[in-house]
Amino acid sequence: MINPDDLTAMIQAGLPGAEVFVQDLTGGGDHYQATIISAEFAGKTLVQQHQLVYRSVNQVMASEQLHALALKTFTPEKWQAQQSDVVQSS
């Protein structure tokens, strides 16, 4: 099992400058959801964005410390637009 802080650090090491928010989905320390905002995602498909993240956590997934990782990836611009949409909907 891996804790959220270690998972966050791993993703940030692989994507320097990224904002990372990690949530434990089951409380068991092996099923997480991560929201990642990174300029590195610009011009990349969703699959390519997720591949960048998975490269950062490949070791803990291969060792089965991490069983599942749901991803939500955004460029800073898309994140800002989404946050604006949420505020306007409120």
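Trainee: Before we start, what is a nonpolar core?
Mentor: A nonpolar core is a set of buried Ala, Val, Leu, Ile, Met, Phe, Trp, Tyr and Cys residues joined through side-chain atoms within 4.5 Å. Buried means under 20% relative accessible area, exposed over 50%, and partly exposed in between (1.4 Å probe, protein chains only). This is a predicted model, where local features need pLDDT of at least 70, side-chain atom pairs count only at pLDDT 80 or more, and totals for chains, interfaces and linings use all residues. Residues are numbered from 1 along each chain as its sequence is written, and side-chain values use heavy atoms, leaving out hydrogens and water.

Trainee: How many residues has the largest nonpolar core?
Mentor: It has 17 residues. Those with the most contacts inside it are Leu7, Ile11, Leu15, Ile36, Val53, Leu66 and Leu69.

Trainee: Which elements each supply at least two residues?
Mentor: Helix 1 (4-14), strand 2 (31-37), helix 2 (46-62) and strand 3 (68-74). Helix 2 gives the most, with four residues. Helices (H or I, at least four residues) and strands (E, at least two) are DSSP runs, numbered from the N terminus.

Trainee: What does Ile11 touch?
Mentor: Val20, Ala34, Ile36, Val53, Ser56 and Val57, not counting residues up to four places away in sequence. Contact means heavy atoms within 4.5 Å.

Trainee: New topic. Where is Glu64?
Mentor: Glu64 lies in the loop between helix 2 and strand 3. Its phi is positive, about 65°, although Glu64 is not a glycine.

Trainee: Is Glu64 buried or exposed?
Mentor: Exposed, with a relative accessible area of 54%.

Trainee: And why does Lys78 count as exposed?
Mentor: Because its relative accessibility is 56%. Lys78 lies in helix 3 (residues 76-89).
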